[in-house]
Amino acid sequence: MDLLGNLWMGLNVVADPSTLWYCFLGVFLGTVVGVLPGIGALAAISLLLPFTYHMSPTAAIIMLAGVYYGAQYGGSTASILLNLPGSPSSAVTCLDGYPMARKGKAGVALFVTTIASLVGAMSGLILLVLFSPAISKVGLQFGPTEFFSMMLLGLVAASSMSAGSATKGLCMVVFGLLLGMIGTDVNSGVARYSFDIPELMDGINLVALAMGLFGVAEVMRCINLADANQKPDKVTLRSMVPEREEFRATIKPMLRGSALGSFLGALPGVGPSIASFMSYAIEKRVAKDPSRFGHGAIEGITAPESANNAAAQTAFVPSLSIGIPGDAVMAVMLGALIIHGIQPGPMLMTEQPELFWGLIVSFAIGNIFLVILNLPTIGLWVALLRIPFAWMYPAILVFVALGVYSVNNNLFDIYMVAVLGIIGYVLMVLRFEAAPLLLGYILGPMLEENLRRAMLLSRGDASVFFNRPISASLLALTGAILLWAIWSGVRKSRKEARAFAVAQENAAPATAAS
Amino acid sequence: MKMTRDIHDIVGGLLMSAAGLFFALYGREYNFGSADRMGPGYFPVVLGWLLFGLGLLLAIPAWWRQGSPIVLQWGNLFWSVASLLAFALLLYPLGVALAALAASLVALIATKMALRTRILVSLAVAALTTVIFPIGLRMTLPIWP
């Protein structure tokens with residue numbers, strides 16, 4: 001069978017010791033940033049991006065992807081032990097994970113979330129393997145109209161399905177699109193909004209933007225937060241074994257979470273955070289006794305953790321098969337591919353089969369590494385959580401400065417990071433999510449390019465977007481999401497929204513999707 | 001209880017509107033073109049007005065909504081930025097090791113810490129940075145002045 005042949009090819013790529021090492025390094029670093037509250041996957045990936053320049057594109061993308069899904073594993077550790085989510089997608093895990101730890105069930109909670117993460121990731125992976133080739137065949141028929149509508153769908157979904165208000169999300173997307181306009185216009189050669197600063201002629205540096213908005217802004221927010229940190233208790237391996245009853249109670253939520261997460265992650269604009277939040281809401285609805293939730297219900301941690309890992313895998317579907325990133329992390333990942341001279345899109349699978357299938361197989365291997373990293377070595381992560389943040393953040397700032405400098409060997413980029421850090425911090429304080437901004441920034445030039453081309457071909461007739469079936473259905477879906485956002489914004493149960501907002505506020509509001 | 005308006009959304013919305021207005025007005029410098037042949041000004045000007053409108057849509061209803069006051073940690077903001085600037089300014093005259101040491105000491109002003117710990121942490125940062133970047137990754141950077 002063709003599929004088996006492809007997987008075999010992928011396995012051969014990954015079996016190379018150096019690729020295997022980068023895969024391990026990626027998931028290891030991912031776990032570190034996931035465990036530590038305050039540094040997100042997005043900041044970590046942008047920080048590592050300059051280091052991948054001397055690596056092969058396949059190894060680079062395998063390592064960066066490992067950071068992304070590895071962070072989903074580590075994120076639950078701090079949620080359970082400290083009531084502080086390591087990554088935003090683990091914010092809901094605090095709600096029941098921390099009460100479990102207070103009851104002395106921290107070990108069980110950590111074990112169950114690791115297994116749930118593995119099950120979720122594997123289901124997402126299967127979906128990715130089965131559907132990406134088909135979707136990329138559809139993608140080959142895309143013209144500028146379809147690309148425009150698809151990106152519009154991604155942007156609207158990313159902004160309106162986030163936790164906060166839809167208006168705020170839309171503001172961030174449009175602001176991001178406008179920031180993307182800065183630099184030389186490819187059609188006319190005019191330098192737009194560059195204010196005669198030569199460094200701005202090429203636009204804002206992606207690494208500077210991501211590190212400023214996420215890395216620097218998070219450091220500013222977390223400096224004193226960490227002082228209040230309580231120290232986690234030691235967790236022994238023996239305390240991790242769940243009782244049979246507990247184990248049985250986790251099977252169905254795990255499957256439901258995996259299914260929901262796989263599905264949601266594949267939609268452009270929906271990332272692990274939304275998947276975990278929605279799966280928590282569903283568990284609460286189907287539970288016989290919903291009042292247990294918030295007091296240490298085991299379903300309340302299994303379902304969201306399997307959902308966010310499933311979503312982290314299927315988030316690669318639109319990115320790899322069509323070339324349109326579904327969330328901010330994917331956008332940076334595609335930026336990394338472009339820097340390495342590889343054009344993401346429907347052609348990727350046929351032109352770079354080794355990269356594509358190697359990446360897929362590396363997911364399977366990386367997830368197994370993660371279970372090994374997260375169970376026997378739990379003591380290491382608990383110890384890591386004991387390091388005060390105040391010892392670490394000066395290093396983060398210096399690494400950010402040097403990392404961004406190394407992209408172009410230009411000190412201007414460090415000043416740029418400082419300015420973007422201020423903007424990112426102010427947005428964070430005003431409760432704006434920066435992830436849709438980054439997505440808008442990356443898609444901005446592509447969106448404009450495809451709009452211009454489509455309108456040129458149709459001689460200025462906008463009805464072309466509604467006359468072509470794929471484009472029309474994508475726009476219909478976009479419209480439906482907007483209407484749903486408005487409707488749910490009006491009737492949203494205030495209580496749930498507030499509980500989630502509080503959890504998000506404790507989270508590092510960075511990394512992963514929306 | 002004294003009512004606080006939803007100041008987050010008011011300020012945020014107005015800032016967004018201002019940014020939108022800026023992009024829309026400044027974008028008039030570029031050729032606007034027409035729908036079938038869009039000039040470089042077309043897309044940014046339209047988006048600028050869109051952002052202006054969205055900002056107002058956010059700010060106006062917030063006036064009648066209850067909210068909490070904005071908490072801005074000025075010290076963290078100031079010293080983190082100062083640390084980045086110090087590093088950028090000192091990198092070439094002083095080299096990586098001393099620039100990292102200085103940047104770390106500046107960053108640590110934002111937090112409470114014993115003087116000895118401050119110095120030890122900063123020395124560790126300087127050592128790590130020097131080992132990782134110019135030595136480990138062979139970046140061409142001056143290590144010493």
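1. Where in α6(A) does a kink lie, and which proline does it shortly precede? In this predicted model, the kink is at A:F131, shortly before A:P133, and amounts to about 40°.

2. The interface of chain A and chain B involves 62 residues of chain A in contact with 64 residues of chain B. About 5500 Å² is buried between the two chains, and 79% of that area lies on carbon and sulfur atoms. Within chain A, the residues that lose the most area to chain B are A:L178, A:Y193 and A:L402, which together account for 12% of what that side buries.

3. Polar terms across the interface of chain A and chain B comprise 11 residue pairs in polar contact, with both residues at pLDDT 80 or more. The rule also finds 1 salt bridge across this interface. A:K168 forms a salt bridge with B:D9, with 2.7 Å between the closest N and O atoms. On the side of chain A that touches chain B, the elements giving two or more residues are α8 (166-181), β2 (191-192), α9 (206-222), α18 (393-408), α19 (412-429) and α20 (435-457) of chain A.

4. Over all chains, the salt-bridge count comes to 13. In one salt bridge the side chains of A:R192 and A:E448 meet, at 2.8 Å from N to O. This pair links distant parts of the chain, since A:R192 belongs to strand β2 of chain A and A:E448 to helix α20 of chain A, 256 residues apart.

5. For chain B, an unreviewed UniProt entry places the feature "domain: DUF1468" at residues 10-142. In the model, that stretch of chain B is 71% helix and 0% strand, with its end C-alpha atoms 48 Å apart.

6. The UniProt record (unreviewed entry) also lists "transmembrane region" for residues 7-26, 46-64, 76-109 and 115-137 of chain B. Two of these ranges may be set beside the model. Residues 7-26 of chain B are 100% helix and 0% strand, and the end C-alpha atoms lie 28 Å apart. For residues 115-137 of chain B, the values are 96% helix and 0% strand, with 32 Å between the end C-alpha atoms.

Conventions
Residues are numbered from 1 along each chain as its sequence is written. Chains are lettered from A and ligands numbered from 1 in the order in which they are written. This is a predicted model: local features need pLDDT of at least 70, side-chain atom pairs count only at pLDDT 80 or more; totals for chains, interfaces and linings use all residues. Side-chain values use heavy atoms; hydrogens and water are left out. The bend at a residue is the angle between axes fitted to the seven residues ending there and the seven starting there. Helices (H or I, at least four residues) and strands (E, at least two) are DSSP runs, numbered from the N terminus. UniProt positions are given in the numbering used here, feature names are shortened, and annotations may be inferred rather than shown by experiment. Contact means heavy atoms within 4.5 Å. Buried area is the accessible area (1.4 Å probe) that two parts lose on being put together, summed over both. A salt bridge is a side-chain nitrogen of Lys or Arg within 4 Å of a carboxyl oxygen of Asp or Glu. A polar contact is a pair of N or O atoms within 3.5 Å; within protein, one must be able to donate a hydrogen and the other to accept it, and residues adjacent in sequence count only if both atoms are side-chain atoms.
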